[in-house]
Amino acid sequence: MLYKVMAYLIKPDIWLGAFFSFAFPFGVSRVFHWLERGSRGNSRWLGINPKEKAQKSFIKQEISQPSSIPFTAELNHNLQAMKEIIGHNSDVLFRQFKAGPLKWNAAVVYVDGLVDKMALVEQVIKPLMQDQGILNPQNINVNALNNSIMDSVVCCAEVKEVLSLDDCVHEVLSGNAALFMEGTANVFILGLTEGKERAIEEPLTEAVVRGPRDGFVENLRSSTVLLRRRIKDPGFTIINYTVGRRSRTNLSLMYIRGLTNPELVKEVQERVERIDIDVILESGEIEQLIEDNVLSPFPQAQNTERPDRVVSALMQGRVVLMTDGTPFALIVPVTFNILMTSPEDYYERWLPASLIRILRTGAAFIALFLPALYIALISYNHGLIPAKLVISIAAGREGVPFPSIIEALIMEVTLELLREAGLRLPKPIGQAVGIVGGLVIGQAAVQAAIVSPIMVIVVALTAISSFAFPQYGAGIAVRILRFAMMISAAVLGLYGIILFYILITVHLVKLKSFGVYYMSPFTPLLPKDWKDSFIRLPTRILKRRPEMNKAQDRTRQ
Amino acid sequence: MRTDKTLYIYTLLLLLVFLTGCWDRKEIEEVGIVLGIGLDQSDEKESNHQSISMLHQFAVPKQFAASDTGTSQKDYINLVSEGDTVLKNIREMSTRADRPPSYEHLRIIVISQALARDIDLKRITNFVLRNTDTRRSIRVVIDEGNAKDIFEKRGISTNPALLLRALSDNYKTSLTMPSESKLGDISEKLTGKTSFIVPGVETTDAGVKSAGGAVIKGSLAKMIGWLDEEEVAGLNILKGEKRQNGIVKGTDPKSGEAIVYEIRTIKSKIKPKFKGNHISFEVKIHTVGKLREDWVDPGNAFKSELIKRAEQATEASIRESVGKTLSKMQKSLKVDVAGFGTKVRIENPRIWNKLKEDWDEEFSEMPVEVKVNVKIQEFGTKGAKNG
């Protein structure tokens with residue numbers, strides 16, 4: 001017995017096998033650790049700084065701008081300083097005038113087009129010029145006058161004082177008017193912003209049959225209005241941030257005080273404060289800068305144009321980030337389950353809603369597996385197909401010169417090309433692309449015996465299934481994985497599919513989005529949240545908020 | 001930087017995995033799909049061994065797909081090889097078929113009567129069972145004539161192998177066909193030295209026809225005789241096998257006219273009785289069904305008297321048919337294919353251990369008493385024929 005074991009020990013192939021069975025998984029984990037560490041620590045990727053570097057507050061992240069010089073009491077000096085910084089712009093206007101009988105020197109500075117000129121004249125310039133009561137020569141105390149101007153002369157709703165030059169410049173460039181008065185170092189910022197904006201329209205990316213038809217717009221304030229109208233809870237909190245060193249984009253962080261887990265809010269705040277980049281154009285950039293795992297194909301923040309979806313997320317105890325200049329709001333944390341739901345699931349009755357959810361799950365599986373299964377069954381595991389089907393598939397593939405993986409890749413790449421082309425082209429031409437593509441894929445490729453007819457069915461089904469995702473981001477993730485799945489099916493058949501599926505599952509189970517496991521409520525097991533997962537139970541049964549978000553206030557009904 | 005270098009080496013090692021390529025890949029259109037295998041006795045004698053002639057029926061996929069447009073070309077090709085072992089035949093096959101045979105979709109194995117009587121069936125089925133491609137659920141039938149001929153007979157729209165498979169799966173609707181025999185079951189019974197029957201088929205001018213059952217004697221692993229269709233019906237009743245619409249024709253005791261009974265459910269209970277070393281059996285058959293046809297004049301099914309007569313007639317007919325089967329089993333073939341032995345084994349293992357070596361012979365001496373109970377549940381939508 002022992003001798004036999006010893007005989008095994010001296011065989012070199014045993015040792016080789018042992019080495020590989022250890023080195024392969026170990027190597028995989030080392031390589032991924034290395035990539036991940038690179039993404040975090042050594043700032044190999046742009047954006048997130050290591051924590052110690054980001055300790056300084058966001059407001060101090062200035063570049064090449066003059067430091068915060070305080071204003072002086074001299075009007076001309078202040079205006080000169082302003083002109084030095086922004087005076088070269090043709091759209092920055094300096095309007096100097098004399099106020100009241102006092103003939104007090106004053107000036108307003110504003111950006112043409114960003115400020116409501118009518119309001120500026122009616123509420124600021126006219127009252128100051130024509131005032132007879134307060135601004136008369138008897139009052140000479142400058143500070144008292146300053147206060148009374150704001151109290152009794154200027155009748156504008158939003159007023160604040162700034163002391164430093166760069167604050168003032170920032171406010172002017174943000175679309176406010178700055179009022180300078182001779183003899184005081186205080187500058188009044190008058191909120192008279194008026195910008196051209198898009199009307200509220202139905203969101204294009206998330207259409208519903210039943211549900212509200214309004215969508216966010218590019219203007220942050222107009223978008224938050226849509227939320228305020230829906231939540232009258234005083235706990236609804238909006239915190240403003242300015243991100244982007246040069247763009248100075250407004251970013252609003254929203255949550256419901258007393259409901260949302262404060263640790264989650266703190267985590268999001270920290271991550272947002274850590275952002276150090278020159279310009280933010282879209283919330284997608286924020287998403288990429290604050291997400292947990294850069295290498296994952298799965299989106300770790302949900303984006304939406306729908307205010308009802310945002311409200312529902314807030315009520316689940318999640319945090320929302322909205323960026324000025326884009327209609328897309330970011331919702332964190334997100335789970336795989338949430339990406340598979342549509343707001344309509346809650347508006348429809350529970351039976352149809354559950355049915356549609358199951359359908360969507362099925363579509364997700366088809367979109368991920370079908371081409372890979374085709375390859376595996378055609379190239380390796382014929383025995384699993386019913387006998388008559390095998391013969392008819394074989395008949396269809398008769399004369400096709402490529403192995404099934406090449407055939408599938410040709411078709412899938414064509415499909416992705418068509419989708420991309422149709423997306424980028426203007427709508428009328430996009431349809432033409434669809435028709436041409438349909439003919440090329442459906443008819444010509446089969447007749448030319450480049451692909452088999454059954455492949456066309458597979459591709460069509462896959463395409464339709466991948467459109468059934470309620471979230472575009474999740475759909476893209478599955479599209480990427482589908483190609484990887486096809487390749488693993490081509491290398492190892494059904495066994496390869498299973499291996500790759502295990503790989504995806506391991507990744508998903510490990511993935512976290514802002515402290516919440518991506519596969520919750522399945523792993524970790526939260527059976528109470530299952531009421532709203534593959535199926536949605538009646539609204540009367542959904543009495544508690546999801547446990548995974550650890551909301552402070554758990555009860556809904 | 002050292003760690004980076006080792007990691008590059010790891011990455012390269014991972015890429016090694018892809019060097020293996022797709023070594024098991026075989027595209028669906030590049031294999032020959034074998035639908036049926038036929039085994040015949042060969043005319044040529046090779047050395048002192050019995051030579052086997054083996055027929056492979058390959059599907060021709062293109063013709064399968066085109067079958068609805070009405071082509072006259074066959075959707076199959078039959079390739080025949082000769083050799084003293086099955087494997088040798090299969091080796092020979094790759095020298096004449098352009099595509100390597102794939103047995104994953106093998107539907108049926110046909111063994112000719114002559115071969116089954118001559119060669120140990122274990123040797124024939126051995127290769128197919130050891131082959132990893134094949135399923136244990138492949139149906140096996142025994143052909144009265146030549147397996148070569150039967151693989152040329154096409155069905156209504158199917159090819160010969162599929163026709164044979166469909167035919168062997170038809171047993172549920174007929175009392176005169178034995179249950180399907182799967183390759184796995186056969187192997188199990190051959191190893192256990194139990195006797196059993198395999199469905200028989202025969203070639204007619206019109207096509208293929210089911211023809212009773214071939215009796216395989218477990219201890220010899222060879223075929224020893226046939227049960228004709230009526231005897232198979234008796235056997236099925238004896239085993240109490242559920243058949244959807246088995247028909248039993250009886251004779252009315254009063255008028256002598258025919259009465260036809262259709263089985264709905266049938267149950268049989270074989271009970272061994274032990275008296276010292278003497279074993280006898282009691283078989284209780286209970287069946288419920290409907291009256292399907294009566295030639296009795298006036299046959300008024302509203303009268304319970306006619307129903308009773310019909311039940312009696314059916315009982316007599318069943319008893320006669322079971323008796324015929326039993327006498328064939330015990331007297332002429334001396335074999336137990338109805339599972340009497342299993343009952344003895346369950347009831348009294350000690351006696352069974354003594355008898356099992358030549359159970360078939362012992363069984364042929366044992367008295368069997370058959371009790372039949374027929375109950376007519378309904379007679380359709382017409383009671384009396386007149387009025």
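The C-alpha centres of domain 3 of chain A and domain 4 of chain A lie 34 Å apart, in a model that is predicted.

Biologist: Into which domains is chain A divided, and how many residues of domain 3 of chain A are in contact with domain 4 of chain A?

Modeller: Chain A is divided into domain 1 (2–40), domain 2 (75–190), domain 3 (220–334) and domain 4 (359–517). Between domain 3 and domain 4 of chain A, 13 residues on the domain 4 side meet a set on the domain 3 side that numbers 16 residues.

Biologist: Which element gives the largest share of the side of domain 3 of chain A that touches domain 4 of chain A?

Modeller: On that side of domain 3 of chain A, helix H8 (262–273) and strand E8 (302–304) each supply at least two residues. By class, the side of domain 3 that touches domain 4 of chain A divides into nine nonpolar, five polar and two charged residues. The largest share, three residues, comes from H8(A).

Biologist: Which helix gives the most to the side of chain A that touches chain B?

Modeller: The contact between the chains involves 25 residues of chain A and 21 residues of chain B. Helices H2 (12–40), H13 (350–379), H14 (387–397) and H18 (472–510) of chain A each supply at least two residues of the chain A side, and the residues of that side comprise 15 nonpolar, seven polar and three charged. With eight residues, the helix that gives the most is H14(A).

Biologist: Which element gives the most to the largest nonpolar core?

Modeller: The largest nonpolar core has 174 residues, and those with the most contacts inside it are Val320(A), Ile375(A), Ile111(B) and Val215(B). A second, separate core has 27 residues, including Phe71(A) and Val108(A). In the core of 174 residues, the greatest contribution, 13 residues, is that of H13(A).

Biologist: Which residues does Ile111(B) touch, not counting those up to four places away in sequence?

Modeller: Ile111(B) is one of the residues with the most contacts inside the largest nonpolar core. Leaving aside residues up to four places away in sequence, Ile111(B) touches Leu39(B), Ala116(B), Ile124(B), Val140(B), Ile142(B), Asp143(B) and Ala147(B).

Biologist: Why does Ile119(B) count as partly exposed?

Modeller: Ile119(B) sits in the loop between helix H4 (113–118) and helix H5 (121–130) of chain B. Its C-alpha is 9.4 Å from that of Leu220(B), although the two are 101 residues apart in sequence. Because a residue is buried only with 20 or more other C-beta atoms within 10 Å and exposed with 12 or fewer, Ile119(B), with 18 such neighbours, counts as partly exposed.

Definitions and conventions
Residues are numbered from 1 along each chain as its sequence is written. Chains are lettered from A and ligands numbered from 1 in the order in which they are written. This is a predicted model: local features need pLDDT of at least 70, side-chain atom pairs count only at pLDDT 80 or more; totals for chains, interfaces and linings use all residues. Two residues are in contact if their C-beta atoms, placed from the backbone, lie within 7 Å. Helices (H or I, at least four residues) and strands (E, at least two) are DSSP runs, numbered from the N terminus. Ala, Val, Leu, Ile, Met, Phe, Trp, Tyr, Cys and Pro count as nonpolar, Asp, Glu, Lys and Arg as charged, and the others, Gly among them, as polar. Domain bounds come from an automatic or database domain assignment. A nonpolar core is a set of buried Ala, Val, Leu, Ile, Met, Phe, Trp, Tyr and Cys residues joined through C-beta atoms within 7 Å.
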